Amino acid sequence: MIEKIKQIKAKIDELEPKTAEEVELIRIKYLSKKGELAALFNDFRNVGPDQKKSIGQEINNLKVSIQNKLEEWKNGLSIKKQPIHSSIDLTQQEIEAKFGTRHPVSLIKNEICDIFKKLGFTIYDGPEIEDDWHVFAALNFPDEHPARDMQDTFFIEKHPDVLLRTHTSSVQVRCMEQQKPPIRVICPGRVFRNEAISARAHCLFHQIEGLYIDKDVSFADLQQTLLHFAQEVFGKDTKIRLRPSYFPFTEPSAEMDVSCKLCGGKGCSVCKHTGWLEVLGCGMVHPNVLETNGINSNIYSGFAFGLGVERIAMLKYSVKDLRLYFENDVRFLNQFTNY
Ligand code: DAH
(Lines give C-alpha, C1' and ligand atoms only; values in the text may rest on other atoms or scores of the structure.)
Protein backbone atom coordinates (compact mmCIF):
# COMPACT_ATOMS: atom_id res chain seq x y z
CA MET A 1 0.00 0.00 0.00
CA ILE A 2 2.86 2.31 0.80
CA GLU A 3 4.07 1.73 -2.75
CA LYS A 4 0.66 2.65 -4.19
CA ILE A 5 0.55 5.89 -2.11
CA LYS A 6 4.03 6.88 -3.39
CA GLN A 7 2.99 6.24 -7.02
CA ILE A 8 -0.08 8.47 -6.70
CA LYS A 9 2.00 11.23 -5.07
CA ALA A 10 4.57 11.07 -7.86
CA LYS A 11 1.85 11.24 -10.53
CA ILE A 12 0.25 14.28 -8.86
CA ASP A 13 3.60 16.07 -8.69
CA GLU A 14 4.05 15.65 -12.46
CA LEU A 15 0.67 17.13 -13.36
CA GLU A 16 0.42 20.66 -14.78
CA PRO A 17 -3.22 21.39 -15.57
CA LYS A 18 -3.76 24.34 -17.96
CA THR A 19 -7.46 24.95 -17.50
CA ALA A 20 -10.05 24.89 -14.74
CA GLU A 21 -11.66 21.90 -16.50
CA GLU A 22 -8.43 19.91 -16.26
CA VAL A 23 -8.20 20.72 -12.53
CA GLU A 24 -11.74 19.48 -12.05
CA LEU A 25 -10.96 16.20 -13.89
CA ILE A 26 -8.01 15.64 -11.56
CA ARG A 27 -10.23 16.24 -8.55
CA ILE A 28 -12.75 13.70 -9.84
CA LYS A 29 -10.02 11.15 -10.63
CA TYR A 30 -8.48 11.28 -7.16
CA LEU A 31 -10.93 12.71 -4.62
CA SER A 32 -14.42 11.76 -5.80
CA LYS A 33 -16.39 8.90 -4.24
CA LYS A 34 -15.17 6.50 -6.88
CA GLY A 35 -11.73 8.06 -7.11
CA GLU A 36 -8.32 6.63 -6.35
CA LEU A 37 -8.26 7.88 -2.75
CA ALA A 38 -11.63 6.26 -2.04
CA ALA A 39 -10.15 2.99 -3.40
CA LEU A 40 -7.16 3.40 -1.06
CA PHE A 41 -9.44 3.91 1.93
CA ASN A 42 -11.25 0.74 0.88
CA ASP A 43 -8.02 -1.27 0.82
CA PHE A 44 -7.08 0.29 4.15
CA ARG A 45 -9.70 -1.90 5.85
CA ASN A 46 -7.53 -4.94 5.14
CA VAL A 47 -4.39 -3.50 6.67
CA GLY A 48 -3.10 -5.29 9.77
CA PRO A 49 -3.42 -3.52 13.14
CA ASP A 50 0.34 -2.95 13.46
CA GLN A 51 0.42 -0.86 10.23
CA LYS A 52 -2.97 0.88 10.57
CA LYS A 53 -1.60 3.97 12.23
CA SER A 54 1.29 4.72 9.90
CA ILE A 55 -0.55 3.85 6.66
CA GLY A 56 -3.62 5.76 7.82
CA GLN A 57 -1.44 8.82 8.34
CA GLU A 58 0.15 8.42 4.89
CA ILE A 59 -3.24 8.27 3.16
CA ASN A 60 -4.45 11.34 5.05
CA ASN A 61 -1.28 13.27 4.15
CA LEU A 62 -1.79 12.33 0.49
CA LYS A 63 -5.40 13.55 0.61
CA VAL A 64 -4.40 16.90 2.17
CA SER A 65 -1.55 17.40 -0.32
CA ILE A 66 -3.89 16.71 -3.27
CA GLN A 67 -6.45 19.16 -1.86
CA ASN A 68 -3.70 21.80 -1.48
CA LYS A 69 -2.49 21.20 -5.03
CA LEU A 70 -6.00 21.58 -6.43
CA GLU A 71 -6.40 24.85 -4.56
CA GLU A 72 -3.01 26.09 -5.80
CA TRP A 73 -3.82 25.28 -9.44
CA LYS A 74 -7.21 26.96 -9.25
CA ASN A 75 -5.75 30.19 -7.85
CA GLY A 76 -2.88 30.24 -10.35
CA LEU A 77 -5.24 29.81 -13.27
CA SER A 78 -7.62 32.55 -12.14
CA ILE A 79 -4.72 35.09 -11.95
CA LYS A 80 -3.42 34.10 -15.39
CA LYS A 81 -6.93 34.29 -16.81
CA GLN A 82 -7.42 38.00 -16.06
CA PRO A 83 -5.59 39.68 -18.96
CA ILE A 84 -7.26 37.32 -21.44
CA HIS A 85 -10.78 38.10 -20.29
CA SER A 86 -10.44 41.79 -19.39
CA SER A 87 -9.64 44.55 -21.89
CA ILE A 88 -8.22 46.72 -19.09
CA ASP A 89 -4.54 46.27 -18.47
CA LEU A 90 -3.97 47.70 -15.01
CA THR A 91 -0.21 47.64 -15.48
CA GLN A 92 -0.31 49.97 -18.52
CA GLN A 93 1.12 53.48 -18.06
CA GLU A 94 -1.33 56.35 -17.96
CA ILE A 95 -1.54 58.37 -21.18
CA GLU A 96 -1.57 62.10 -20.51
CA ALA A 97 -4.82 63.64 -21.77
CA LYS A 98 -4.15 66.56 -24.12
CA PHE A 99 -6.87 69.17 -24.43
CA GLY A 100 -7.32 71.39 -27.45
CA THR A 101 -7.18 75.17 -27.10
CA ARG A 102 -9.09 77.96 -28.78
CA HIS A 103 -7.41 79.42 -31.83
CA PRO A 104 -5.88 82.86 -31.09
CA VAL A 105 -8.01 84.41 -33.84
CA SER A 106 -11.16 83.02 -32.17
CA LEU A 107 -9.98 84.27 -28.78
CA ILE A 108 -9.53 87.82 -30.04
CA LYS A 109 -12.74 87.71 -32.07
CA ASN A 110 -14.71 86.62 -29.00
CA GLU A 111 -13.02 89.23 -26.83
CA ILE A 112 -13.87 92.02 -29.27
CA CYS A 113 -17.45 90.81 -29.72
CA ASP A 114 -17.88 90.74 -25.93
CA ILE A 115 -16.66 94.33 -25.61
CA PHE A 116 -19.23 95.55 -28.12
CA LYS A 117 -22.00 93.33 -26.77
CA LYS A 118 -21.61 95.13 -23.44
CA LEU A 119 -22.23 98.40 -25.31
CA GLY A 120 -25.51 97.04 -26.65
CA PHE A 121 -24.31 95.77 -30.06
CA THR A 122 -25.67 92.47 -31.36
CA ILE A 123 -23.97 90.02 -33.73
CA TYR A 124 -25.16 90.07 -37.34
CA ASP A 125 -24.06 87.48 -39.88
CA GLY A 126 -23.89 87.50 -43.67
CA PRO A 127 -22.74 85.18 -46.48
CA GLU A 128 -19.11 84.74 -47.57
CA ILE A 129 -20.16 84.21 -51.19
CA GLU A 130 -21.64 87.53 -52.22
CA ASP A 131 -22.67 89.63 -55.20
CA ASP A 132 -21.37 92.95 -56.53
CA TRP A 133 -24.31 94.86 -55.03
CA HIS A 134 -23.63 93.96 -51.40
CA VAL A 135 -19.84 94.16 -51.56
CA PHE A 136 -19.47 97.24 -53.79
CA ALA A 137 -22.47 98.95 -55.43
CA ALA A 138 -24.62 99.47 -52.33
CA LEU A 139 -21.54 100.76 -50.50
CA ASN A 140 -21.06 103.63 -52.95
CA PHE A 141 -18.07 102.12 -54.79
CA PRO A 142 -17.67 103.87 -58.16
CA ASP A 143 -17.75 101.54 -61.18
CA GLU A 144 -14.08 102.06 -61.89
CA HIS A 145 -12.91 101.49 -58.30
CA PRO A 146 -9.77 99.28 -58.26
CA ALA A 147 -11.24 96.96 -55.58
CA ARG A 148 -13.63 95.69 -58.25
CA ASP A 149 -10.65 94.56 -60.27
CA MET A 150 -9.94 90.83 -60.70
CA GLN A 151 -6.53 91.47 -59.17
CA ASP A 152 -8.08 92.25 -55.80
CA THR A 153 -11.28 90.23 -55.77
CA PHE A 154 -11.97 86.52 -56.31
CA PHE A 155 -14.80 86.26 -58.83
CA ILE A 156 -16.60 83.06 -59.75
CA GLU A 157 -15.59 82.46 -63.36
CA LYS A 158 -18.99 81.55 -64.83
CA HIS A 159 -20.87 84.23 -62.89
CA PRO A 160 -19.15 87.63 -62.98
CA ASP A 161 -21.67 88.94 -60.44
CA VAL A 162 -20.76 86.29 -57.86
CA LEU A 163 -17.66 86.86 -55.75
CA LEU A 164 -16.04 86.10 -52.42
CA ARG A 165 -16.57 89.07 -50.13
CA THR A 166 -13.46 91.21 -49.75
CA HIS A 167 -14.69 92.84 -46.56
CA THR A 168 -17.40 92.38 -43.93
CA SER A 169 -18.82 95.81 -44.86
CA SER A 170 -21.16 93.79 -47.14
CA VAL A 171 -22.95 92.65 -43.97
CA GLN A 172 -23.79 96.33 -43.23
CA VAL A 173 -25.87 96.33 -46.39
CA ARG A 174 -27.56 93.02 -45.53
CA CYS A 175 -28.39 94.41 -42.09
CA MET A 176 -29.82 97.70 -43.43
CA GLU A 177 -32.02 95.65 -45.80
CA GLN A 178 -33.47 93.75 -42.86
CA GLN A 179 -33.54 96.16 -39.92
CA LYS A 180 -34.87 99.65 -39.32
CA PRO A 181 -32.85 102.16 -37.23
CA PRO A 182 -31.78 102.21 -34.50
CA ILE A 183 -29.21 99.67 -35.68
CA ARG A 184 -26.30 98.60 -33.52
CA VAL A 185 -24.51 95.51 -34.88
CA ILE A 186 -21.11 93.92 -35.14
CA CYS A 187 -20.40 91.47 -37.93
CA PRO A 188 -17.44 89.12 -37.53
CA GLY A 189 -16.45 86.89 -40.44
CA ARG A 190 -13.96 85.63 -43.01
CA VAL A 191 -12.97 87.74 -45.99
CA PHE A 192 -11.03 86.89 -49.14
CA ARG A 193 -8.61 88.88 -51.28
CA ASN A 194 -6.56 88.03 -54.29
CA GLU A 195 -3.23 88.75 -52.58
CA ALA A 196 0.12 86.99 -52.60
CA ILE A 197 0.67 85.30 -49.23
CA SER A 198 3.41 86.91 -47.13
CA ALA A 199 4.20 87.73 -43.50
CA ARG A 200 1.86 90.74 -43.73
CA ALA A 201 -0.82 89.66 -46.22
CA HIS A 202 -3.00 86.61 -46.82
CA CYS A 203 -5.73 85.67 -49.28
CA LEU A 204 -8.01 84.76 -46.35
CA PHE A 205 -8.38 86.62 -43.08
CA HIS A 206 -10.97 87.74 -40.53
CA GLN A 207 -12.66 91.08 -40.05
CA ILE A 208 -15.16 92.57 -37.65
CA GLU A 209 -17.48 95.22 -38.98
CA GLY A 210 -19.35 97.61 -36.73
CA LEU A 211 -22.41 99.68 -37.63
CA TYR A 212 -24.37 102.13 -35.50
CA ILE A 213 -27.29 104.07 -36.99
CA ASP A 214 -29.67 106.24 -35.00
CA LYS A 215 -30.80 109.85 -34.72
CA ASP A 216 -28.02 112.28 -33.83
CA VAL A 217 -25.12 109.84 -34.02
CA SER A 218 -21.97 111.97 -34.25
CA PHE A 219 -18.27 111.59 -34.95
CA ALA A 220 -17.71 112.10 -31.19
CA ASP A 221 -19.76 108.93 -30.54
CA LEU A 222 -17.52 107.05 -32.96
CA GLN A 223 -14.38 108.38 -31.33
CA GLN A 224 -15.52 107.54 -27.79
CA THR A 225 -16.70 104.05 -28.76
CA LEU A 226 -13.37 103.27 -30.41
CA LEU A 227 -11.38 104.68 -27.48
CA HIS A 228 -13.29 102.38 -25.14
CA PHE A 229 -12.64 99.43 -27.46
CA ALA A 230 -8.90 100.18 -27.73
CA GLN A 231 -8.47 100.52 -23.98
CA GLU A 232 -10.35 97.28 -23.32
CA VAL A 233 -8.17 95.34 -25.77
CA PHE A 234 -4.77 96.95 -25.31
CA GLY A 235 -4.95 98.36 -21.75
CA LYS A 236 -6.35 101.37 -19.92
CA ASP A 237 -3.43 103.68 -20.72
CA THR A 238 -3.84 103.18 -24.50
CA LYS A 239 -4.28 106.35 -26.56
CA ILE A 240 -5.91 106.54 -29.99
CA ARG A 241 -5.53 108.92 -32.90
CA LEU A 242 -7.73 109.26 -35.97
CA ARG A 243 -6.06 110.13 -39.27
CA PRO A 244 -8.18 111.40 -42.20
CA SER A 245 -8.58 108.71 -44.86
CA TYR A 246 -10.87 107.66 -47.69
CA PHE A 247 -13.46 104.90 -47.99
CA PRO A 248 -16.31 105.16 -50.51
CA PHE A 249 -18.93 104.25 -47.90
CA THR A 250 -18.00 106.73 -45.17
CA GLU A 251 -17.69 110.52 -45.11
CA PRO A 252 -15.64 111.72 -43.34
CA SER A 253 -13.43 108.61 -43.17
CA ALA A 254 -10.52 107.92 -40.87
CA GLU A 255 -7.96 105.34 -39.92
CA MET A 256 -7.39 104.70 -36.27
CA ASP A 257 -3.98 104.17 -34.67
CA VAL A 258 -3.33 103.05 -31.10
CA SER A 259 -0.27 104.04 -29.09
CA CYS A 260 2.41 101.34 -29.31
CA LYS A 261 2.39 99.27 -26.13
CA LEU A 262 5.85 97.82 -26.70
CA CYS A 263 7.70 101.14 -26.58
CA GLY A 264 5.10 103.20 -24.77
CA GLY A 265 4.88 105.56 -27.75
CA LYS A 266 8.62 106.33 -27.88
CA GLY A 267 9.17 104.48 -31.15
CA CYS A 268 10.44 100.94 -31.87
CA SER A 269 10.78 98.51 -34.78
CA VAL A 270 7.20 97.19 -34.35
CA CYS A 271 5.64 100.67 -34.73
CA LYS A 272 8.30 101.60 -37.30
CA HIS A 273 9.57 104.30 -34.92
CA THR A 274 6.31 106.27 -35.07
CA GLY A 275 4.94 105.31 -31.63
CA TRP A 276 1.61 104.41 -33.30
CA LEU A 277 0.07 101.23 -34.73
CA GLU A 278 -2.69 101.27 -37.34
CA VAL A 279 -5.63 99.09 -36.29
CA LEU A 280 -8.80 99.92 -38.21
CA GLY A 281 -10.76 101.98 -40.71
CA CYS A 282 -13.86 103.94 -39.75
CA GLY A 283 -16.07 106.92 -40.51
CA MET A 284 -19.59 108.35 -40.62
CA VAL A 285 -21.84 106.29 -42.91
CA HIS A 286 -22.07 108.10 -46.27
CA PRO A 287 -25.56 109.57 -46.89
CA ASN A 288 -25.56 107.78 -50.26
CA VAL A 289 -25.20 104.44 -48.46
CA LEU A 290 -28.05 105.26 -46.07
CA GLU A 291 -30.33 106.38 -48.92
CA THR A 292 -29.42 103.46 -51.20
CA ASN A 293 -30.40 101.12 -48.39
CA GLY A 294 -33.71 102.83 -47.61
CA ILE A 295 -32.71 104.96 -44.62
CA ASN A 296 -33.57 108.67 -44.61
CA SER A 297 -30.25 110.49 -44.20
CA ASN A 298 -32.04 113.67 -43.08
CA ILE A 299 -33.32 111.88 -40.00
CA TYR A 300 -30.63 109.32 -39.34
CA SER A 301 -26.86 109.31 -39.19
CA GLY A 302 -24.44 106.59 -38.24
CA PHE A 303 -20.88 105.46 -37.88
CA ALA A 304 -19.13 102.35 -39.10
CA PHE A 305 -15.78 100.71 -38.60
CA GLY A 306 -13.94 97.64 -39.83
CA LEU A 307 -10.96 95.92 -38.28
CA GLY A 308 -8.74 92.98 -39.11
CA VAL A 309 -8.84 90.33 -36.37
CA GLU A 310 -5.39 88.89 -37.22
CA ARG A 311 -3.93 92.39 -37.15
CA ILE A 312 -5.23 92.96 -33.60
CA ALA A 313 -4.06 89.47 -32.57
CA MET A 314 -0.59 90.15 -34.01
CA LEU A 315 -0.29 93.38 -32.05
CA LYS A 316 -1.68 91.93 -28.86
CA TYR A 317 0.43 88.76 -28.90
CA SER A 318 3.47 90.31 -30.66
CA VAL A 319 3.32 87.81 -33.54
CA LYS A 320 5.25 89.11 -36.54
CA ASP A 321 4.19 86.64 -39.24
CA LEU A 322 0.52 86.46 -40.28
CA ARG A 323 1.01 83.02 -41.85
CA LEU A 324 1.41 81.42 -38.41
CA TYR A 325 -2.31 81.89 -37.83
CA PHE A 326 -3.16 79.63 -40.75
CA GLU A 327 -0.57 76.86 -40.49
CA ASN A 328 -2.18 75.20 -37.44
CA ASP A 329 1.16 74.21 -35.98
CA VAL A 330 0.27 72.98 -32.47
CA ARG A 331 3.56 74.35 -31.09
CA PHE A 332 2.24 77.81 -31.99
CA LEU A 333 -1.38 77.20 -31.01
CA ASN A 334 -0.53 75.65 -27.61
CA GLN A 335 0.98 78.94 -26.49
CA PHE A 336 -2.50 80.43 -26.16
CA THR A 337 -3.79 77.98 -23.53
CA ASN A 338 -3.60 80.56 -20.76
CA TYR A 339 -5.45 83.34 -22.53
N1 DAH B 1 -14.09 97.63 -45.31
C2 DAH B 1 -12.82 98.27 -45.03
C3 DAH B 1 -11.69 97.39 -45.43
O4 DAH B 1 -11.87 96.23 -45.63
C5 DAH B 1 -12.67 98.59 -43.59
C6 DAH B 1 -13.63 99.67 -43.16
C7 DAH B 1 -13.27 100.98 -43.24
C8 DAH B 1 -14.89 99.34 -42.71
C9 DAH B 1 -14.09 102.00 -42.84
C10 DAH B 1 -15.76 100.36 -42.32
C11 DAH B 1 -15.33 101.68 -42.40
O12 DAH B 1 -16.97 100.10 -41.88
O13 DAH B 1 -16.18 102.65 -42.00
O14 DAH B 1 -10.59 97.84 -45.57
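Q: How do the axes of helix α2 and helix α3 cross?
A: In this predicted model, the axes of α2 (residues 20–31) and α3 (residues 36–44) come within 4 Å and cross at roughly 10°. Angles under 35 degrees count as roughly parallel, so α2 is roughly parallel to α3.

Q: Which residues meet there?
A: From α2, Lys29, Tyr30 and Leu31. They meet Glu36, Leu37 and Ala38 of α3.

Q: And what classes are the residues in that contact?
A: Four are nonpolar, two are charged and none is polar.

Q: Switching to α1. What does α1 span?
A: Helix α1 covers residues 2–14, which is 13 residues. From first C-alpha to last it reaches 19 Å, close to the expected 18 Å.

Q: Which residues of α1 are buried?
A: Ile5, Ile8 and Ile12. Seen down the axis of α1, the buried residues fall within an arc of 65°, so they line one face of the helix.

Q: What does the face turned away from that buried side carry?
A: The exposed residues Glu3, Lys6 and Glu14.

Q: Now α10. Why is α10 described as largely enclosed?
A: Helix α10 runs over residues 309–317, and seven of its nine residues are buried, so the rest of the structure largely encloses it. The buried ones are Val309, Glu310, Ile312, Ala313, Met314, Leu315 and Tyr317.

Q: What do those buried residues pack against?
A: Helices α5 (104–118), α8 (219–234) and α11 (324–327), plus strands β6 (204–214), β9 (276–285) and β10 (301–308).

Q: What follows α10?
A: Serine 318, with a positive phi near 55°.

Conventions. Residues numbered from 1 in each chain as written. Predicted model: local features only at pLDDT ≥ 70, side-chain atom pairs only at ≥ 80, totals over all residues. Heavy atoms only, no water. Helix = DSSP H or I, 4+ residues; strand = E, 2+ residues; numbered from the N terminus. Expected span 1.5 Å × (residues − 1). Buried < 20%, exposed > 50% of the residue type's maximum accessible area, 1.4 Å probe, protein only. Arc of directions from axis to C-beta. Axes fitted to C-alpha atoms, helices over the stretch in contact; angles between N-to-C directions. Parallel < 35°, antiparallel > 145°, perpendicular 65-115°, else oblique. Contact = heavy atoms within 4.5 Å. Nonpolar A, V, L, I, M, F, W, Y, C, P; charged D, E, K, R; others polar.
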